[in-house]
Amino acid sequence: MELFNLPQLVPTKPQQMISIIIPTLNEQDGIEKTIRALPKTRLSELGYDLEIIIIDGNSTDLTREIARRMGARVVLEKRKGYGRAFKTGFNEAKGDILVTLDADGTYPAELIPEYIQGLKEKGLDFITANRFSNMQNGAMDAYHQFGNDMLSLFMRIIYSIHVRDSQSGMWIMTKNFIQRINIQSNGFSMSEEIKIIAFKFFKALEFDGRYYKRVGKVKLATFSDGWRNLKYLIRYRSLIKNAIKSPSLFQDESIDITADTL
Ligand SMILES: Nc1nc2c(ncn2[C@@H]2O[C@H](COP(=O)(O)OP(=O)(O)OP(=O)(O)O)[C@@H](O)[C@H]2O)c(=O)[nH]1
Ligand SMILES: [Mg+2]
């Protein structure tokens, strides 16, 4: 064998994969913008492979066709619900790091590389992006903002965790975190549930985010979903005992799931 062929035989470190998971329900106006905004080149320069997974709730518009054309893998999840969509998405994801965002162009996709770096440097399991730290004019009406503030306040009081934006839908998580947790909500309240689990039992931080004006129609009903989320915050006190999947994991000292954690 010739000497100059040798470097090819040296095993290289396998590349890490990032899974971007996007739930969609009739988002034909926003899905293209959302996928286009993903920093694909930057992530590839940083040495990451990327998979884009759309979890579609049986949209009746062109969402799935547009997503496929933009290079995403589309998974059809006919069962209703935002939380339901994510459960399916987490099972489908092959990545070492999972990132979520909406299909309406509201979240700062451009910050994904920074968040991933933060996750690694600080050794975190979970990051949530705070939409309130930098909100574009008109991105959220006053009524919706008040509801968000109240829900976040209740979450801080009931669970003693420091989260400014309990309803943010942009999270950056390790695969290990997702494999260990047991999400029980199928609705919008899954967003507060995942944060309670992350901040109570894992290493989690809220990072400054941005929030842009939505493209397309909102799926969340401010009052009824807000009310449902508040009731879930209260009810979840009795469900939190099921938050972690396997009892053998409690041997890890960093995880304390005794009753006094509430
Ligand atoms: N697969 C699936 N996706 C859903 C469902 N409900 C909502 N979504 C998607 O989940 C994301 C969040 O819904 P939004 O309507 O944007 O809710 P929101 O971000 O809390 O509300 P805004 O701040 O007003 O945008 C969007 O990408 C929706 O298309 C559902 O039942 N199934
Ligand atoms: Mg949204």
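**Close-up views of a predicted model**

**Figure 1. Two helices cross, α8 and α9.** In this predicted model, the axes of helix α8 (residues 190–201) and helix α9 (residues 222–239) come within 9 Å and cross at roughly 35 degrees. The crossing of α8 and α9 is right-handed. On the α8 side, the contact is made by E192, E193 and I196; on the α9 side, N229, Y232, L233 and Y236 take part. Sorted by class, the residues of this contact are 4 nonpolar, 1 polar and 2 charged.

**Figure 2. An open sheet is formed by 7 strands.** The strands follow the order β3-β2-β1-β4-β6-β5-β7, and their pairing is mixed. In general, strands of a sheet pair through backbone hydrogen bonds, in either a parallel or an antiparallel manner. Strands β3 and β7 (204–208) stand at the edges. Each of these two has a single partner strand, so one side of each is left without a neighbour in the sheet. Neighbouring strands of this sheet are turned by 20 degrees against each other on average, direction ignored.

**Figure 3. Ligand 1 is surrounded by 21 residues.** The closest of these residues are P23, G57, A85, A103 and K219. By class, the shell divides into 8 nonpolar, 5 polar and 8 charged residues.

**Figure 4. A72 is a buried loop residue.** This residue is found in the loop between α3 (63–69) and β3 (73–76). Why does A72 count as buried? There are 23 other C-beta atoms within 10 Å of A72, and a residue is classed as buried if 20 or more lie within that distance. When residues up to four places away in sequence are not counted, A72 touches I35, I52, I53, I54 and A67. One of these contacts, I53, is 19 residues from A72 along the chain, yet the C-alpha atoms of A72 and I53 are separated by 5.7 Å.

**Figure 5. N58 and S160 have a positive phi.** Most residues other than glycine have a negative phi. N58 is not a glycine, although its phi is positive, at about 65 degrees. The place of N58 is in the loop between β2 and α3. Because N58 has 14 C-beta neighbours inside 10 Å, this residue counts as partly exposed. S160 is likewise not a glycine, and has a positive phi of about 45 degrees. S160 is found in the loop between α6 (142–159) and β6 (171–174). Is S160 buried or exposed? With 11 other C-beta atoms within 10 Å, S160 is exposed.

**Figure 6. The protein chain has 262 residues.** The secondary structure of the chain comes to 9 helices and 7 strands. Of the 262 residues, 41% count as buried. Among contacts in the chain with a separation of 6 or more, residues 24 or more positions apart account for 78%.

Definitions and conventions: Residues are numbered from 1 along each chain as its sequence is written. Chains are lettered from A and ligands numbered from 1 in the order in which they are written. This is a predicted model: local features need pLDDT of at least 70, side-chain atom pairs count only at pLDDT 80 or more; totals for chains, interfaces and linings use all residues. A residue is near a molecule or strand if its C-beta atom, placed from the backbone, lies within 6 Å of it. Ala, Val, Leu, Ile, Met, Phe, Trp, Tyr, Cys and Pro count as nonpolar, Asp, Glu, Lys and Arg as charged, and the others, Gly among them, as polar. Helices (H or I, at least four residues) and strands (E, at least two) are DSSP runs, numbered from the N terminus. A residue is buried if 20 or more other C-beta atoms lie within 10 Å of its own, exposed if 12 or fewer, and partly exposed in between; C-beta atoms are placed from the backbone. Two residues are in contact if their C-beta atoms, placed from the backbone, lie within 7 Å. Two strands pair if DSSP finds at least two bridges between them. Axes are lines fitted to C-alpha atoms, for helices over the stretch in contact, and angles run from 0 to 180 degrees between N-to-C directions. A crossing is left-handed if the near helix is turned anticlockwise from the far one by less than a right angle, and right-handed if clockwise.
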